[in-house]
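Biologist: I am new to this structure and would like to learn how to read its features one at a time. Could you take me through them slowly, giving the general idea before each case?

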Amino acid sequence: MDESDREQHDQFLRFFMEHEDALRLFVRSLLFDQEEARDVMQEVAVVLWRKFDPAMDNQSFRRWSFGVARMEVLSFRRDRARDRHSFGEDVVELLEQSVQQEAASLECERDALSRCVNKLPQAQRELVHTAYESGVKINDLANELGCTSMALYKKLHRIRIQLMDCTRKEMASEGTA
Amino acid sequence: MKQKDTQFELIRRCLDNEATDDDFIELETLLREDAGFRRDYVRYLNVDSGLRVLPKEPEAESSNVVSQPLQFWQWRPLVTSAAAGVALGLFCASVAWAIVVPRDASERLILPVLSESFEEPATTIIDRFPTSTEAWGGDRSRIVGDVAEHQAADGNAMLSLESGKDSNLGYLQRIIDVSVLPLAREGEMRTLDVVASFLADQPGEQERYTLRIATFKESPSEIGDLWEGVAWRDMDGNTLTMAKSALSTPGTEEGWQTISAVVDVPESARSLVISLAAGRLNVEAPKTPHYIDDVRANLVIAPLSKRKPK
């Protein structure tokens with residue numbers, strides 16, 4: 001890798017890492033399924049790197065990368081998940097705007113999340129860590145815990161809502177809400 | 001509250017693969033028509049996604065972040081020349097400090113370099129580009145307290161900024177001395193994260209707010225010369241790095257609007273300029289003041305693998 005390649009690579013990494021979380025969230029908001037969103041994000045990263053123009057500034061990169069993400073989701077739907085529900089173009093655009101406009105606040109929220117998880121009662125905290133561990137299937141975990149998967153889904157849902165309240169309070173106390 | 005619970009339950013069903021076709025239609029309709037629901041949907045997913053990347057040992061994350069303020073003893077003053085009355089945060093940019101606190105390779109350092117709420121009446125504001133790191137400067141502006149219709153975004157005072165003579169926008173700038181701030185080490189990157197709030201005195205027109213940040217190899221005292229007669233759009237050749245964030249309101253928006261931007265701060269940078277602009281999009285519309293408040297800038301040094309920019 002010569003000097004200019006290295007600079008281009010570094011520049012790409014800077015831009016990509018800055019917007020990666022927001023892009024991932026945007027893709028997830030269109031696909032629902034975490035695994036599918038992860039597959040699409042891998043494709044997004046490949047396309048972005050392959051077509052990256054080092055003359056871009058940060059804001060141009062952000063706009064362009066969201067466009068690429070949107071196209072990759074469409075392509076994924078067309079090729080692998082044609083039967084699933086997909087949002088209309090106007091809703092996709094609204095979600096893109098939401099994620100971009102709220103990027104800073106969403107970032108703060110993710111930062112506050114660890115603290116909020118630490119505030120959960122031990123049983124809930126352990127459940128979150130176990131359920132969100134890579135590769136864990138909710139059905140299997142529900143069997144292990146002796147409950148139905150529906151009950152487990154609902155329990156995790158209540159924890160998420162609890163965490164949303166907590167992160168909101170944390171951000172308010174830090175003045176970042 | 002009941003309605004919110006129902007809406008969150010709808011989101012859950014969609015994510016947990018339990019939704020019916022009608023559920024998806026309802027979700028899509030709500031996302032299209034209800035901005036509050038859209039925000040809740042994105043926040044719910046944000047928490048769900050965030051939980052997937054939680055560190056295994058949750059305590060480790062918080063202990064890895066050197067969150068401000070750092071203790072006084074962790075810093076060694078090199079030069080102390082802070083001017084009284086300059087409403088900067090704990091770490092005034094006009095004071096040179098060298099970091100002496102050891103950091104592990106995985107630490108993320110967040111250092112506040114500017115926290116301005118315009119609460120201090122003695123804050124220096126000049127009506128041209130600032131000539132030092134201790135003043136705000138630009139178009140005509142003054143500090144005002146809460147007025148009947150408008151309350152400060154933070155504290156009890158804010159800055160009232162007028163449009164320029166030849167422009168529908170008013171500009172306000174601040175120079176930060178970057179040479180006194182800690183450097184990134186190998187495998188880390190250094191950025192400045194800036195956030196500012198804006199408000200129109202007389203809403204009803206489309207407003208335009210911008211936040212620009214640029215780094216320079218020149219020292220703060222040399223920056224003024226670069227600015228002489230040069231517009232932002234022509235500054236590219238003079239800057240090391242640059243970032244811009246802008247917001248145009250639809251004209252129906254009331255209340256404070258907050259925008260943020262992040263700029264890389266390379267090692268060769270000696271100074272940095274934060275520039276805020278506010279005005280009406282329609283050049284024919286009568287010029288009215290705009291307020292600026294709660295301007296904050298944090299230097300963030302993070303390992304490349306853990307970079308989480310604001």
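Biologist: Is strand β11 (residues 207–216) of chain B mostly covered or mostly open, and how many of its 10 residues are buried?

Modeller: Before that, please keep in mind that this is a predicted model, in which local features need pLDDT of at least 70, side-chain atom pairs count only at pLDDT 80 or more, and totals for chains, interfaces and linings use all residues. Residues are numbered from 1 along each chain as its sequence is written, chains are lettered from A and ligands numbered from 1 in the order in which they are written, and side-chain values use heavy atoms, with hydrogens and water left out. Buried means under 20% relative accessible area, exposed means over 50%, and partly exposed lies in between, using a 1.4 Å probe and protein chains only. Helices (H or I, at least four residues) and strands (E, at least two) are DSSP runs, numbered from the N terminus. With those terms, β11(B) is mostly covered, since nine of its 10 residues are buried.

Biologist: Which strands pair with β11(B), and in what sense?

Modeller: In general, strands of a sheet pair through backbone hydrogen bonds, either parallel or antiparallel. Here two strands are said to pair if DSSP finds at least two bridges between them. On one hand, β11(B) pairs in the antiparallel sense with strand β14 (residues 271–280) of chain B over 10 bridges, and within that pairing Thr215(B) stands opposite Leu272(B). On the other hand, β11(B) also pairs in the antiparallel sense with strand β12 (residues 241–248) of chain B, over eight bridges, where Ile213(B) stands opposite Ala243(B).

Biologist: What is the order of strands in the open sheet of six strands in chain B?

Modeller: The order is β5-β6-β9-β14-β11-β12 in chain B, and the pairing is mixed. The edge strands of this sheet are β5 (125–126) and β12 of chain B, each of which pairs on one side only. Inside the order, strand β6 (residues 136–138) and strand β9 (residues 169–177) of chain B run antiparallel and are joined by three bridges, with Trp136(B) having Arg174(B) as its bridge partner in β9(B).

Biologist: Which strand pairs with β13(B), and over how many bridges?

Modeller: Strand β10 (residues 188–200) of chain B pairs with β13(B) in the antiparallel sense over eight bridges, and Ala196(B) has Ile259(B) as its bridge partner there. Strand β13 (residues 257–264) of chain B is mostly covered, with six of its eight residues buried.

Biologist: How many helices and strands does chain B have?

Modeller: Chain B comes to five helices and 15 strands, and 53% of its 310 residues count as buried. A contact means heavy atoms within 4.5 Å. Among contacts in chain B between residues at least 6 apart in sequence, 74% join residues at least 24 apart. A separate case of distance along the chain is given by Ile110(B) and Asn298(B), which are 188 residues apart, while their C-alpha atoms are separated by 6.3 Å.

Biologist: Is Glu218(B) buried or exposed?

Modeller: Glu218(B), in the loop between β11 and α5 (220–227) of chain B, is buried, because its relative accessible area is 16%. Not counting residues up to four places away in sequence, Glu218(B) touches Ile223(B), Leu226(B), Asn238(B), Arg270(B) and Ser271(B).

Biologist: Which residues other than glycine have a positive phi?

Modeller: One of them is Phe32(A), with a positive phi of about 70°; Phe32(A) lies in the loop between α1 (3–31) and α2 (34–51) of chain A, and it counts as buried because its relative accessibility is 7%. Another case is Asp294(B), whose phi is positive and near 50°. Asp294(B) is found in strand β15 (residues 290–303) of chain B, and at 13% relative accessibility Asp294(B) also counts as buried.
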